[in-house]
Amino acid sequence: TLNATDLIEQCRIEGCALAEAAAERVRFDGVKLVGGTLGATKLTHMIWLDVACERCDLSMVVWQGVKLTRVEVRGSRITGGKLCEGQLESVRFVDCHLNYATFAGTRFRQVAFESCRLEEADFQGADLTGTTFVDCDLRGADLGRAKLQGADVTSSRLNEVRIGPGDVRGLVVNREQAASLAKLFGLVVRDG
């Protein structure tokens, strides 16, 4: 179990079974999590510092105000997770399932999503400045009111993304995506 203000540091945890735990201000420092579950946990203002998380089930987590710094999450399932009003800095998500995940109001700095499934993910009001999405599936993702300055989606799928004309400022897209977004905003593009 996890208790408020627990500090878990400098260890490797394999096959942890912490599903549905609830606590505030828990801190993981220098931890490697492998093959466990934290599914449906409710951890408010949790901190992960220098954490590696591999093949874990983080589905349906509710991590309000989470702070992740120098974290790598690899091969994990975060389907339906809520990481709202948080701060992510120097974080990599690699080969993760993040469909239906919610990052509303979260601030991203030096964050990369690589080969991730982000269908129907909710980034409303998030600050995605400089975030990279490499070979990700963003179909149906909600980018409304997000700050997208320098966010790069050129190698990802953007079909049916929810975004307004005022939200795209600074978003880095390829030609095909630009044409798709133009059509979404009712523009008619003619060559010549």
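**View 1. Strands β6 and β7 side by side.** Here β6 (residues 67-74) runs parallel to β7 (87-94), and the two are joined over 7 bridges. Strands here are DSSP runs of E with at least two residues, numbered from the N terminus, and two of them count as paired if DSSP finds at least two bridges between them. Look for R74, which sits opposite V94 in β7. Strands in a sheet pair through backbone hydrogen bonds, either parallel or antiparallel. Keep in mind that this is a predicted model: local features need pLDDT of at least 70, side-chain atom pairs count only at pLDDT 80 or more, and totals for chains, interfaces and linings use all residues. Residues are numbered from 1 along each chain as its sequence is written, and side-chain values use heavy atoms, with hydrogens and water left out.

**View 2. The whole open sheet.** Its 7 strands pair in parallel, in the order β1-β3-β5-β6-β7-β8-β9. At the edges you'll find β1 (7-14) and β9, each pairing on one side only.

**View 3. The F103 and F123 rings.** These two form a stacked aromatic pair, 5.2 Å centre to centre with 10 degrees between the planes. (Phe, Tyr and Trp rings, six-membered for Trp, pair if their centres lie within 6.5 Å; stacked means planes under 30 degrees apart, edge-to-face over 60, tilted the rest.) F103 comes from the loop between β7 and β8 (107-114), F123 from the loop between β8 and β9 (132-134), 20 residues apart. F103 is buried at 0% relative accessibility, and F123 is buried at 0% too; buried means under 20% relative accessible area with a 1.4 Å probe, protein chains only.

**View 4. A cluster of Phe rings.** Ring pairs tie together F93, F103, F108, F113, F123 and F133.

How values were computed: Helix = DSSP H or I, 4+ residues; strand = E, 2+ residues; numbered from the N terminus. Buried < 20%, exposed > 50% of the residue type's maximum accessible area, 1.4 Å probe, protein only.
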